[in-house]
Structures are given as structure tokens and as C-alpha cells.
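The sequence and model come first, then the notes.

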Amino acid sequence: SIFEPSVSSDCVMAWRAHLILLASLAATRSSASPVGTICLGALLTNSGSLTGPGAVEMALAHVNADPALLPGYRLELVPTSKNACDNAVGCVAAVDEMLHPSIRPEQSAVWSKLRAAGSNCSEADVVAFIGPVFSSVAVAILPLLEAAWVATVSGSTTSIALEGSGRPNRWPTFLRTAFSSSFPVKATAQFLFEQNLGTQVALLFSDDAFCRPSISLTHTIFEEKESLVTLYEFKSLAGSKEKTKIEAMMRAIKFRSTRTVVTCSYPTDTALVLDAVSDHQLNSAGWVWVTLYDAEGVDTMSEKQQAAFNGFLWLEANVDASVQQREPSFFQELQSQYGIAGGSWADAYFYDAVKFVATALNSSLTRLKPALDAGGIFSVADRRTILWALRNATLQGVSGDLAGSETVNELNSKPVFSLKNYQHSGVEIVHVATLNSDHIWHQSGRDIVW
């Protein structure tokens, strides 16, 4: 699950007054037909580099302008208080409030705005949720959602811990358009074995909801191949004490003559590792360094860090950015209408999450109509209908072909990953191989450079 929060002005711009937006969208529907409201909870955040609120707004606009989707109804977004879902505690409280309309506090800014706008969502149940952004938050809120049989579809949570794990599904109310991290973990291990670089491996990781299961799976894969594997764990972003610990780990790795290091940590922790290599003049030449996180910020290293970095064969296995080449109009509209410059894979995944929910609801609209017309209060039977519809829906999305399943929570079963080589000459980022759904690495014609 991607990066922890760091304030993003693009995302703040995307959180515009959605009630005003939706009011204008209503005009795109036929004024002759009555328009009911379907309320969709949004467990998003204004923080972080991959949060998707602008893409969610755009998906709502497209759904509400499409006469074939939810005819007679308008899909309306119900957001949490600003940044409530940055962390598990805040998001649990926000979900609890949304699930119990009768006890919503009068002082709540969210519900006050909805009431002031005359929105039916001030009293109605949310039909489902979009989000959350972070895997650790998802794990915290899912027990609440399961108890109420309320579905949520996330566009950025990638932790292995959120996989369905067969029958019965471990997380029956959870779906994600994003991939599971087990895919890049297995792909990375496969590549190292093919290159004969997997005989002695050090696994260096920070203790969090994303990295622990990823490294655990990596450890299992290498042990099955009878590799010599050593685990090194540290607490992320814990200051000088952890920096000292990292330095000791690096010395131990050198002493053991290990030359392949698979790491899972935040980009800022990568800087600590590079500092440790430089400060202690550790001989990094000949090391293979593979990161399971996007090595964001590598191109802004200090001279000291880059000197250490230059000794590594630095590889990164991450989601392929080809969606930006396949769907240029999507990202152009996202920038021109919602102020999101550049865009990311998460924008495509969050957009598809909203469209997928709308498509599933559309297929079960006849069965849900009595509850919707009675004020949008859903029974357990209604909730099960919604879950069944989500588990059986399909969509040709921006991010790829999506399909629900009873046992698998990943809607996109064919993600594409790239192996990127951060070449030390000007820290150039070169795609050296692509892993498609056939699980075979396809070389791009660019050589890996030390």
C-alpha cells in the first residue's frame, strides 16, 4: 500500500465542493424524470502522492452523465472529514459515523454541509465505500464493514494481507482495483533466480502493514529455493537510533559476503541506508539492490548518497506506467478539469473503482429500488445483494479489464509490472524488462547497468 501521507497540493485542489459539482451534473440528466440519490461513502485523503480524489470526482461526473447507468438516480459522494482516513483511528471513527445515520453528531461538518444542501445522504445509508488509500487503514476498518455487510472498493491498497485467500474469503466485503503486492514479490524473486543472483539474499525491511507480509512471502520463496536468507528488520522513520541500527545491519550484510539485498521500506529510509553505506565506507560495489517500493526521490540524492548509490545494481519492480500511454485522454481530462497534473496508476484505479460500483449497482437496480425509493435505508438482504452484484460484475476499465470473484479480491487479474534500473549516470531511470500476465519477463532491449 503505497506511500504514507505527504501533503499534495494537486490532491487538495481535487477536493472541490462536490455537492456543487453534483448539482450541476443533475442538469445533464433528463429533467422530465425524477432523480433519486444513491450515496457513496468516500474514505479518501488529501494527503499522499497516490490518493485519487480527483479521479473519483471525474468518475462520478461520467456516471451521472451516462443515461444507461443508474437511470432515475444520481450517485452522490459522501466524504469523511478532511484527512480522517489518513490513519486507522480516524478512519474507524469516520466509518462508524457513516454506518449509523441516526447518531451522527449535529456538530459534524460533513453532515451539516449535506443537510444544508438538502442532500438525501444526510439521512440515508451509504450504499458502499470507495477507499481507503492505505492498507493499514483497510485492515482496521474491515471488521466494522463486515459486521454491517457493507462493501468497499479500494484503488490503492496493495498489501498481501488483504488478499481473499480462497474460500471462504478472508475479507468478504473488500474488493480492490489495485494489484496485490504478491505479484511484484514473486516476479522479483523469479528474475533474481533467472539471473543467478538468488543464492545468498539479505531482506531489509521496515515494520509496517505493507512490508511485513511482502518480506514474509519473499523469505518463503527464497527458502524454497534453498537460498541462504537473512532477515533484517527496523522501525521506519524512527530517527538516529534506527540509523545506527541500519548501519549495523549493513556491516553485517558486508561481513556475510551477501551481495543481493531485497528491501522494502519508504524512500526516506532508503536515504538512511545510503548514508550508512557512505559514512562507514562500506564497499557496495557488486551489490544487487532490489526495492519492492517505488524508489521515489532517488533522483534528488545528495552527492554523498549518490556516491554510495553508484556501487549498486539498483532495480525496482513496480506497476507499469503504460496506462498513461494507453489512455492519454483520461489523464488529459484529469488535468484540465480537476487540476491533477501528470496523474498516476492510482488515479486510473480509483476512477475504475467508482465505475465498477456503479456498474454493479446498475445490474441489481430492480432489486434495490424499493429500498432506494423508501429513503435509501438498506436491510442485510439488500447489503448481500450489493455484495453479490460486486462479486459478479465486469468492467472494461481505464486500468484494464476488471472482473469480480467470490474468492479473489483483486478485480484486475492481469497487472503489468516493469523492472526499472536506476542507472548511476545521472541517475537515469531505464525500463529493462516488463512482466505481463503471462508471468514471463520480456526484455526491453536496454541493458542493466552497474
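The largest nonpolar core has 83 residues, and those with the most contacts inside it are I38, L70, L75, I130, F330 and L390. A nonpolar core here is a set of buried Ala, Val, Leu, Ile, Met, Phe, Trp, Tyr and Cys residues joined through side-chain atoms within 4.5 Å. Helix α14 (residues 345-363) supplies the largest share of this core, 13 residues. A second, separate core of 17 residues includes L203, I215, V229 and L292.

This is a predicted model, in which local features need pLDDT of at least 70 and side-chain atom pairs count only at pLDDT 80 or more, while totals for chains, interfaces and linings use all residues. Residues are numbered from 1 along each chain as its sequence is written, and side-chain values use heavy atoms, with hydrogens and water left out.

**Overall make-up**
- The protein has 16 helices and 15 strands, taken as DSSP runs numbered from the N terminus (helices H or I, at least four residues; strands E, at least two).
- Of the 450 residues, 56% are buried, meaning under 20% relative accessible area with a 1.4 Å probe, protein chains only.
- Among contacts (heavy atoms within 4.5 Å) with a separation of 6 or more, 73% are between residues 24 or more positions apart.

**Strand β6**
- Six of the seven residues in strand β6 (residues 200-206) are buried, leaving the strand mostly covered.
- Strand β6 runs parallel to strand β8 (residues 260-264), and five bridges join the two; pairing requires that DSSP finds at least two bridges.
- A202 has V261 of β8 as its bridge partner.

Technical notes
Buried < 20%, exposed > 50% of the residue type's maximum accessible area, 1.4 Å probe, protein only.
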